[in-house]
Every structure is written in C-alpha cells, then in structure tokens.
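Have the viewer open as you read.

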Amino acid sequence: MTTTTPEETTTPEETIAGARERIDVLDDRIIGLIQERMAVSAVVQQTRIAAGGRRVNLSREMEILGRYREALGKPGTTLAMTLLELCRGRI
C-alpha cells in the first residue's frame, strides 16, 4: 500500500498559491526589519553628528557591502547599496 502526503495531493496552482502566501509573509517581515534598521541607523547618525562626527562612515559601509557580497554574491552588493541608501539622511 502506498501512502500519499498532502503535498502529493495538491495541484500546482495550490502549491504556487501557498508559496506566494509564504513569500508575502516573508516580504512583510523583511520590510519590517528594514524599517527597524532605518530607525537604528538614524540613532547612530544622530549620535555621531552630535559628537562632532560625520553623518556617514564610509569604512563601515564598505564592511556592510562586503558582508552582503560574501553572503549573496554580486547581487548582494546591489541589495546592500539600496539598503544603505534607505538608511542615510533620514534625520
């Protein structure tokens, strides 16, 4: 006797719909994390400026670019640049 799992009884359309729902949940979480990162970045910038420093720390940004590139390849650099752009100058 062969048993089937729920995955085996779903149609391709149902599988796609379920996966898209999961992607939407993940996107909502990613957006929330980006918004949280933007808020934390604003605190760092405000504190740095109040202490007489510059708004942007280029060596720190290079570290971030490298981390994303190592984890995600070349597209990671583009993603990191977009993230850094979102987090700059929101003071």
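This is a predicted model: local features need pLDDT of at least 70, side-chain atom pairs count only at pLDDT 80 or more; totals for chains, interfaces and linings use all residues.

## Overall fold

The protein chain contains 4 helices and 0 strands.

How many of the residues are buried? Of the 91 residues in the protein chain, 14% count as buried. Turning to contacts with a separation of 6 or more, 50% of them in the protein chain are made by residues 24 or more positions apart.

## How α3 and α4 pack

A pair of packed helices can be described by two values, the angle between the axes and the distance between the axes. For α3 and α4, the angle is about 140 degrees and the axes lie 7 Å apart. The handedness of this crossing is right-handed.

Which residues meet here? On the α3 side they are Glu-61, Ile-64, Leu-65, Tyr-68, Arg-69 and Leu-72, and on the α4 side Lys-74, Pro-75, Gly-76, Thr-77, Leu-79, Ala-80, Met-81, Leu-83 and Leu-84. Sorted by class, this contact of α3 with α4 holds 10 nonpolar, 2 polar and 3 charged residues.

Helix α3 covers residues 58-72, and Glu-61 is found in it. Is Glu-61 buried or exposed? Its relative accessibility is 11%, under the 20% cut-off, so Glu-61 counts as buried. Leaving aside residues up to four places away in sequence, Glu-61 touches Val-56, Leu-84 and Arg-88. Of these partners, Leu-84 is also one of the α4 residues in the contact with α3.

Tyr-68 sits in helix α3 as well. Tyr-68 counts as partly exposed because its relative accessibility is 22%, a value in the range between the 20% and 50% limits. With residues up to four places away in sequence again left out, Tyr-68 touches Gly-73, Gly-76, Leu-79, Ala-80 and Leu-83. Between Tyr-68 and Met-81 there are 9.5 Å from C-alpha to C-alpha, with a sequence separation of 13 residues.

## The largest pocket

The largest pocket has a volume of about 320 Å³. It is lined by 17 residues, and those closest to its centre are Arg-37, Ser-41, Val-44, Arg-60 and Ile-64. The elements giving two or more residues to this lining are α2 (12-50), α3 and α4 (74-87).

Which element gives the largest share? That is α2, with 6 residues of the lining. By class, the lining of the largest pocket has 7 nonpolar, 3 polar and 7 charged residues.

Ser-41, one of the residues closest to the centre of the largest pocket, lies in helix α2. Ser-41 counts as buried, because its relative accessibility is 14%. The C-alpha atoms of Ser-41 and Cys-87 are separated by 6.0 Å, although the two are 46 residues apart along the chain.

## The second largest pocket

About 190 Å³ of space is found in the second largest pocket. Its lining is made of Ile-30, Leu-33, Ile-34, Arg-37, Tyr-68, Leu-79, Thr-82, Leu-83 and Leu-86. Here α2 and α4 are the elements that give two or more residues. The lining of the second largest pocket divides into 7 nonpolar, 1 polar and 1 charged residues.

Arg-37 lines the second largest pocket and is among the residues closest to the centre of the largest pocket. Tyr-68, Leu-79 and Leu-83 are in the lining of the second largest pocket, and Tyr-68 touches both Leu-79 and Leu-83.

Technical notes
Residues are numbered from 1 along each chain as its sequence is written. Side-chain values use heavy atoms; hydrogens and water are left out. Buried means under 20% relative accessible area, exposed over 50%, partly exposed in between (1.4 Å probe, protein chains only). Contact means heavy atoms within 4.5 Å. On a 1 Å grid over the protein atoms alone, a cavity is a set of points where a 1.4 Å probe fits but cannot get out, and a pocket is an open set with protein on both sides within 12 Å along at least five of seven lines; lining residues have an atom within 4 Å of a point. Grid points are joined across faces, edges and corners, and a volume is the space filled by probe spheres set on the points. Ala, Val, Leu, Ile, Met, Phe, Trp, Tyr, Cys and Pro count as nonpolar, Asp, Glu, Lys and Arg as charged, and the others, Gly among them, as polar. Axes are lines fitted to C-alpha atoms, for helices over the stretch in contact, and angles run from 0 to 180 degrees between N-to-C directions. A crossing is left-handed if the near helix is turned anticlockwise from the far one by less than a right angle, and right-handed if clockwise.
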